[in-house]
Amino acid sequence: MIRFFAALTLLFVLLPAMAQDTPSERTPDEERSFFTRLLEDQLSTPNRQIRISGISGALSSQATIGEITIADREGIWLRIGNASIDWSRSTLLLRQRLEVQRLAAETIEVMRRPLPDEGLPAPESRSFQVPELPLAVNLEQLEVEQASFGEAVFGLAAELSLTGALRIDSGALDTDFDVQRLDGPGGQFALKAAFSNETEILDLDLVLDEPADGVVANLLNVEGRPPLKLTLAGSGPLSALDVKLALEADGVPAFGGTAQFRGRDEGLGFSARLAGSIRRLVPVQFQDFFGAGTRINVNGVSKDGGGILLENFQVSSASMRIEAAAETGSDNFLTALSLSAGVANPAGERVLLPVAGGQTSLQSAKLDITFGEAGSERWNGKLELDGLQTAEFAAGRTVLTMGGLAQNLDDPLSRRVSFEIDGGLSQITAKQAKIAEALGDALTIAARGDWLAGNPVMIENASVSGNGLETALTGQIDDFAFTGDIKLGASDIAPFSGLADQALGGAVDLTASGTVRPISGAFDLNLDGTATDLRIENEAAGNLLAGTTRIEGGVARGPEGLTARNLRLANDQFSMRADGTFASGAANFRFDAALEDMHFLQRMHPALCQPRDAPRVARGASI
């Protein structure tokens, strides 16, 4: 929410500034319409559509907006009413300072959680620094009189108020926010924080204090919704700083400890010792996983030359243990890792994992990885799961053996990492008969590939096979896009009858060559393959597919819609070709179908056919 207000503030300010430098012949009404469209375009994304109405004073130092709505793929999820800003234009134009005396909204209504963006965060990690903005920001007063949240947001309908202030100037941050709950039992969240890149002095004071049935207790689904109190505080230079964490549930300490930062010869050292019984803070079905106590121990250093050395990382609870050490180079590339993790119940009972759905359990799990060991140019790993069970299927045994080359890790120009993965799942069962039929009782997984600095990840082969079906990839991955060949082969598709809700049969051998972008769902592929003696429940259509059917041509999905390029299916009985584009708003699509064998049609429907010596019949249609 704060980020949205910051973006809205900048647009409020920058648009009038731009307008003063650009002569316009628009009328005042046309100006308001122009600014509305520009604001909406600047703030909107494919998954965030913003609509603004009732703008007043867009070209002055006091501006208001009647209503702002934000929608995603399922519709409006946030509505802001009567937003206003009071700011100084002269300091922005003359001194490159954004001085805002007041940024306010009368009401904010959050009906539900927004759908997640279809994207990935940047892979690079960053050390802590206040961002150097192109202009200074000083927000003297942020005020939201009433913010209401629907029950679908975090399981509890609530009304809050928000006040605060924010200053970002020359690498310094100073902020003060206070959130009060207006309905029900009340509660407060307060944050004061200040940090300067120049002095490296941090002042941090965070307090969350809410009675029973509070917002956070409902958000975390804490059993019984007890009163919660969280404090996080520390003050001093980063080279000699202690930050203390304390969390209480119903007045009883639940988790806490101290994180320490100390100057060291190689950089800024850090350590943390946190412990407590968090059973009370997790849903009741997961309490046995954590048991009577959970401990977290961390030691390391943020190196002056860049990168992090994690000397020791330990997490332990009743059913879980993790031990790790790692190091990254000056560019934050992983140069060393030693990881050993396990999940098992001390009494030998099954372990319910604390993951979404609450229906995933196993008998035991073990993961070991070594990477970048001194004197070795190989990395190795192994994953073992016994008795994995989810809501839909189970596997008695899962084993993946991993390894490969890990060379020149400290040299950004000549690094090389390869991978070899072998293994699979055995003793597979499924609750639904159609899924069990499709999966069979075993799946085999294999992958081979290589990466050299400055080059895409090359995939020599990656395959999953089982129950007569094999899928395989060969190509490269670059910028989260796969380019290469995708092969699909099935000796008999009958096991997939249940998934298709009809009887199937026949063999498929198909190759798709091109590019797939999994994040956006876009693809551009050329198909080439055959289907042999395909059988479906529709007898007439099934007879058309008898023998060998060729499949070839291009198919793509992108911003313009779904496109077919000379996509053709043909066998001895018929042929069909499709070309064009189909989109939600418009379509330019054509397909042509032709019967190649009139004798076949006469045998199927003799009463509907022309004489045996008539020419073949063709049909075409356009959308």
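Q: How do you know which residues were used?
A: This is a predicted model, in which local features need pLDDT of at least 70 and side-chain atom pairs count only at pLDDT 80 or more, while totals for chains, interfaces and linings use all residues. Numbering runs from 1 along each chain as its sequence is written, and side-chain values use heavy atoms, with hydrogens and water left out.

Q: What is the mean pLDDT of the protein chain, and which stretch has 51 contacts beyond near neighbours in sequence?
A: The mean is 81, and 80% of the residues reach 70 or more. Residues 1-24 have a pLDDT below 50, and this stretch has those 51 contacts in the model.

Q: What makes a set of residues a nonpolar core, and which residues have the most contacts inside the largest one?
A: The set must consist of buried Ala, Val, Leu, Ile, Met, Phe, Trp, Tyr and Cys residues joined through side-chain atoms within 4.5 Å. Buried means under 20% relative accessible area, exposed over 50%, and partly exposed in between (1.4 Å probe, protein chains only). The largest core has 34 residues, and those with the most contacts inside it are L78, I80, I108, V110, F149 and F154. Elements giving it two or more residues include β2 (62-72), β4 (97-110) and β5 (136-149); the largest share, six residues, comes from β3. Beyond its neighbours within four places in sequence, F149 is in contact with V110, F154 and L160, among others. A second, separate core of 22 residues includes F255, V282, A365 and L388.

Q: Why is E460 placed in its class of accessibility?
A: The relative accessible area of E460 is 61%, so E460 falls in the exposed class. E460 lies in strand β25 (residues 457-466), where strands are DSSP runs of E with at least two residues, numbered from the N terminus. Leaving aside neighbours within four places in sequence, its contacts are R448, G449, L473 and T474. E460 and L473 are 13 residues apart in sequence and 7.9 Å apart in space, C-alpha to C-alpha.

Q: What share of the protein chain is buried?
A: Of its 623 residues, 38% are buried.

Note on methods: pLDDT is the predictor's confidence in each residue, from 0 to 100. Contact means heavy atoms within 4.5 Å. Helices (H or I, at least four residues) and strands (E, at least two) are DSSP runs, numbered from the N terminus.
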